[in-house]
Every structure is written in C-alpha cells, then in structure tokens.
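Student: Could you walk me through this one? I'd like to start with the conventions and then go on to the contacts.

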Protein chains: 2
Amino acid sequence: MIRIVAQSLTAASFAPFGDVLEAAGEPDRIINAGLCGRWHDQATLDFGPDGRVGISVFLSEPRALPYTLDLLERHPDGSQAFIPMHGQDWLVIAAPDNAGKPGKPQAFLASGRQGVNFHRGTWHGVLTPLAEPGLFTVVDRIGDTPNLEEYRLDPPYAVMA
Amino acid sequence: MIRIVAQSLTAASFAPFGDVLEAAGEPDRIINAGLCGRWHDQATLDFGPDGRVGISVFLSEPRALPYTLDLLERHPDGSQAFIPMHGQDWLVIAAPDNAGKPGKPQAFLASGRQGVNFHRGTWHGVLTPLAEPGLFTVVDRIGDTPNLEEYRLDPPYAVMA
C-alpha cells in the first residue's frame, strides 16, 4: 500500500480543505469579566439555498494506526464541522478534487483541542478517532437531499503518524 | 447566601431552557459501514432574521464549587450552544424569565459528554468549567446587534454539587 504520513494539523496546512477550530494565539475578545477568551467566528459555513444548520452528535469506533484508508466522501450541498469532545488526538483526512474524483489524500494529526470544518464539497475521510470515546459534535447541513458522494480507493492507502 | 444544589443534566430537566446535546439512547442513524452512530439534529437553533450562525472557540477559567453566582445573561437575538472539548464535568446554570428579569436560577451538573444549546433569549450563567482546560466550542449568532442583556444577582447564590 502507498503510505501517507500524517502531518500536524495547522490552519495553514489545512486551508485548502477547510477551517481549524481552536484557541490559537491571542483571543479576538475577552469576555465574562476577564475570565474567558473568545476566538470568534472561525468557520466558513455554507448549507446551500435549501438547507439549514443543525447540531448532531457522532459516536465513532476508534481506529488504530496505521489506518487503512479505502473510502473518501464529500457533501456537495454543505460544509461539515467535526468537534472532538474527548480531549485526545484524532486523525483528519482530506483530499483535493481532481475533475470530480479525489486526488491524493492528505492526513493530519489533530489534537483534542482542535476541531475542523470541511468546506462544502471537500473530499474527506470518515470520522477517525484514535482513542475511546470517539465522541464528536457535528455541525452540518440538514436538508432533504442525499448530500453524499462516496469514492472507494483501490488500492487503499496506509495512513501512519 | 441562598444555596442552589446542582442536579444532573437531563433532556427532561433542561427542557425549559434548551437542548442537551448527547449520544443518549439508540442513535438515529448508523453510518460509516456500521462504525459510527449519529444522534441527529439535536438543537433548536434560532439566529433571528438578521443574524447568521457561527462557530467560535471559548477558553474559560475553571471555577470551584461552591460557585458564587452573581451574574446572569441572555442573548435576545439568538440561541447559543456550548460544547465541551475537555471530556470533564462542567456546570450549567439557567433561569426562567419573570417579566423581563430572571427568576430563581437552576444549576445542572453536566458530564463531559454533554453539550447544551440555550434557546434564544434564555437567562443563563457564563461558562463554568470545573477543571482545566475550560475549552468549549460555541455555536451562536453572528450579527451587528449587541445581543446581550446582563442581570446582576444581589445577593448572590451559592451553587454546590
């Protein structure tokens, strides 16, 4: 299998695919009498003309590294944010689009203090926590369309840290 | 000080104030080839006619119990969801409205696997994590209005577990 080595998740490295949700650098605002920092409005959200935003909770089986990556998906009608609720490292996978198919995937090792928001239509892997409990809050589109394209990778990739 | 004893956070007890975001009971859908459960569309979101949704990150100083509660606030123009990213117990405080002022506050002990969404205009306490890091993702209204009313409680309440 072709190997993919996960790099650290940063706003710059992830920019082609979406937003990193994190308390990095100085807060945009200090609130609550100085006791709380707010890093404001970090995600480019897009739910299309016929969708609305919703908050859901996902509980996913943890995966081990190396991870066999054989499936990518994308949501053509809306952005999708994954917010870890477990405080532990997790794996993020995304790929550029190449004429309607995913190009070579990239892997990112996210800390438990980092969420991501995939921009609308971005190829990405399914949720891949690396430890129990694989609990995430998800902010994505609620609507009547299937809003899902899947692409099977043959041969698969081996993702490692 | 008047004492308030925090009760366990449940969807039923919190219903007058908002939604509990959690993986409780059976998932609404199983996705990702059986490896992930989705508890779907758990929050009543309302950002008003002139607002839009945003995702922000808050980092708040942890508080100790008993907690001296001397301030409540509400956001008249939008709902506000707090999603813990730390996996640890935290404190949720809310109060009914009584002719434009908060009535007697109620306190809830939330687990690290529970977020909440305060319905638009609901009186609530500021973020009160009980351990480091007090890191939360917040889904609330982005707009041009102040969207904040504060009410100082004199005398304050003492909140305990």
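Tutor: First a definition: helices (H or I, at least four residues) and strands (E, at least two) are DSSP runs, numbered from the N terminus. This is a predicted model, in which local features need pLDDT of at least 70 and side-chain atom pairs count only at pLDDT 80 or more, while totals for chains, interfaces and linings use all residues. Residues are numbered from 1 along each chain as its sequence is written, chains are lettered from A and ligands numbered from 1 in the order in which they are written, and side-chain values use heavy atoms, with hydrogens and water left out.

Student: Okay, where does A:Pro133 lie?

Tutor: A:Pro133 sits in the loop between β15 (128-129) and β16 (134-142) of chain A, and the peptide bond joining A:Glu132 to A:Pro133 is cis, with omega about -15°.

Student: And what kind of peptide bond joins B:Asp154 and B:Pro155?

Tutor: That bond is also cis, with omega about 5°, but B:Pro155 is placed in strand β17 of chain B.

Student: Switching topic, how many salt bridges are there over all chains?

Tutor: Counting a salt bridge as a side-chain nitrogen of Lys or Arg within 4 Å of a carboxyl oxygen of Asp or Glu, a search of the whole structure finds twelve. One of them pairs B:Asp41 with A:Arg52 at 2.6 Å, N to O. B:Asp41 belongs to the loop between β5 (36-39) and β6 (52-60) of chain B and A:Arg52 to strand β6 (residues 52-60) of chain A, so this pair joins two chains.

Student: What does A:Asp70 pair with?

Tutor: The side chain of A:Asp70 meets that of A:Arg152 in a salt bridge of 3.9 Å, N to O. Because A:Asp70 is in strand β7 (residues 67-74) and A:Arg152 in strand β17 (residues 149-160) of chain A, the pair ties together parts that are 82 residues apart in sequence. A:Asp70 is partly exposed at 32%, whereas A:Arg152 is exposed at 56%.

Student: Which residues are linked in a network of salt bridges?

Tutor: A:Arg74, A:Asp97 and A:Glu149 are linked in that way.

Student: Last one: what is phi of A:Ala33?

Tutor: Phi is near 55°, a positive value in a residue other than glycine. A:Ala33 is in the loop between β4 (29-31) and β5 (36-39) of chain A, and is exposed at 83% relative accessibility.

Conventions:
Buried < 20%, exposed > 50% of the residue type's maximum accessible area, 1.4 Å probe, protein only.
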